[in-house]
Amino acid sequence: MASLTFLGAAGTVTGSKYLVDTGAHKVLVDCGLFQGLKDLRVRNWQPLPIAASAIDAVVLTHAHLDHSGYLPRLVAQGFKGRVFCTPGTRDLCTLVLPDSAHIQEEDARDANRYQYSKHHPALPLYTADDAARALTLLQPVGYNRPVPVVPGLEVEFISAGHLLGSAFARVRVGQRTVLFGGDLGRYGRPVLPDPSPVDQADVLLLESTYGDRLHEPDEIGRAHV
């Protein structure tokens, strides 16, 4: 029987990682960094409860670092599978992952230069080489096109209107579907398309960063829940 394990974005809204285990294969949906306070950021250094080499594939909903930024670390730990994403997410990852690696390396150099780390030497979470290798694994897939990820599991990307390439990931395992929301965009924006309606899923998984409040009207006069 398939199982779903939360490896991030539980008790906080960063570090999005969801492990889908079909019994025969393991797929990680999103591969995000923990960001924010130090207590969150140190989680990026903690080992995952599963070896990176045992993960068969990764599915990315979008390119924000709290959903994609752990990917070079996963590659450094031995992941070699394909990373399924939209073409827009692939394009943005070619910018944000090398930039993130540069910051990791710069922070480690500063820590060693000014000796403010308890680690000697201080090391980056991942390197530019790790980011470059991660980019070679990206497998772009268009919207509304179900594709096999591993035997017994397929994914379909549906536009989420959040940023370039952002998507809901509708994952089908056997006869059941789980809709991973990623981050949901707003309606009526001047540049981005509206989120596409999704008519069917057995399970809906959403993060609730702003789920308990009413936003003030924005620059075009609309209030949003």
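**Briefing: salt bridges, spaces and cores**

Asp130 is buried, at 9% relative accessibility. The cut-off for that label is under 20%, so Asp130 falls inside it. The model is predicted. Its salt bridges number 6. Its largest pocket holds about 840 Å³ of space, and its largest nonpolar core has 30 residues.

- Asp130 pairs with Arg133 in a salt bridge, with 2.8 Å between the closest N and O atoms.
- Both residues sit in helix 5, which spans residues 128-135. They are 3 residues apart, about one turn of the helix.
- Is Arg133 buried, partly exposed or exposed? Arg133 is partly exposed, with a relative accessibility of 43%.

- Glu154 and Arg172 form a salt bridge, their closest N and O atoms lying 3.8 Å apart.
- This pair connects distant parts of the chain. Glu154 belongs to strand 8 (residues 153-159) and Arg172 to strand 9 (residues 167-173), with 18 residues separating them.
- Glu154 has a relative accessible area of 29% and is partly exposed. Arg172, at 31%, is also partly exposed.
- Asp199 and Arg170 make a salt bridge through their side chains, at 3.6 Å from N to O.
- Which parts does this pair tie together? Asp199 is in the loop between strand 10 (176-180) and strand 11 (203-205), while Arg170 is in strand 9, so the bridge ties parts that are 29 residues apart in sequence.
- Asp199 is exposed, at 72% relative accessibility. Arg170 is buried, with a relative accessible area of 15%.
- Glu156 joins Arg170 and Asp199 in a network of salt bridges.

**Largest pocket**

- The space in the largest pocket comes to about 840 Å³.
- Its lining has 25 residues. Closest to the pocket centre are Arg41, Trp45, Gln104, Asp107 and Leu123.
- Helix 1 (38-41) and helix 4 (87-114) each contribute at least two lining residues.
- Which element gives the largest share of this lining? Helix 4 does, with 6 residues.
- By type, the pocket lining has 14 nonpolar, 7 polar and 4 charged residues.

**Largest cavity**

- The model has 1 cavity of 30 Å³ or more. The space in the largest cavity is about 30 Å³.
- Its lining is made of Tyr18, Asp30, Phe180, Gly181, Gly182, Leu205, Leu206 and Glu207.
- Of these cavity-lining residues, 4 are nonpolar, 2 polar and 2 charged.

**Nonpolar cores**

- In soluble globular proteins, nonpolar side chains tend to be buried together.
- Within the largest nonpolar core, of 30 residues, Val58, Leu60, Leu71, Leu74 and Phe79 touch the most other members.
- Five named elements give two or more residues each to this core: strand 3 (26-31), helix 3 (71-76), strand 5 (82-85), helix 4 and helix 5.
- Helix 4 is the biggest giver to this core, with 4 residues.
- What does Phe79 touch, leaving out residues up to four places away in sequence? Its contacts are Ala52, Ser53, Ile55, Asp56, Ala57, Val58, Leu74 and Leu137.

Notes: Residues are numbered from 1 along each chain as its sequence is written. This is a predicted model: local features need pLDDT of at least 70, side-chain atom pairs count only at pLDDT 80 or more; totals for chains, interfaces and linings use all residues. Side-chain values use heavy atoms; hydrogens and water are left out. A salt bridge is a side-chain nitrogen of Lys or Arg within 4 Å of a carboxyl oxygen of Asp or Glu. Buried means under 20% relative accessible area, exposed over 50%, partly exposed in between (1.4 Å probe, protein chains only). On a 1 Å grid over the protein atoms alone, a cavity is a set of points where a 1.4 Å probe fits but cannot get out, and a pocket is an open set with protein on both sides within 12 Å along at least five of seven lines; lining residues have an atom within 4 Å of a point. Grid points are joined across faces, edges and corners, and a volume is the space filled by probe spheres set on the points. Ala, Val, Leu, Ile, Met, Phe, Trp, Tyr, Cys and Pro count as nonpolar, Asp, Glu, Lys and Arg as charged, and the others, Gly among them, as polar. A nonpolar core is a set of buried Ala, Val, Leu, Ile, Met, Phe, Trp, Tyr and Cys residues joined through side-chain atoms within 4.5 Å. Contact means heavy atoms within 4.5 Å.
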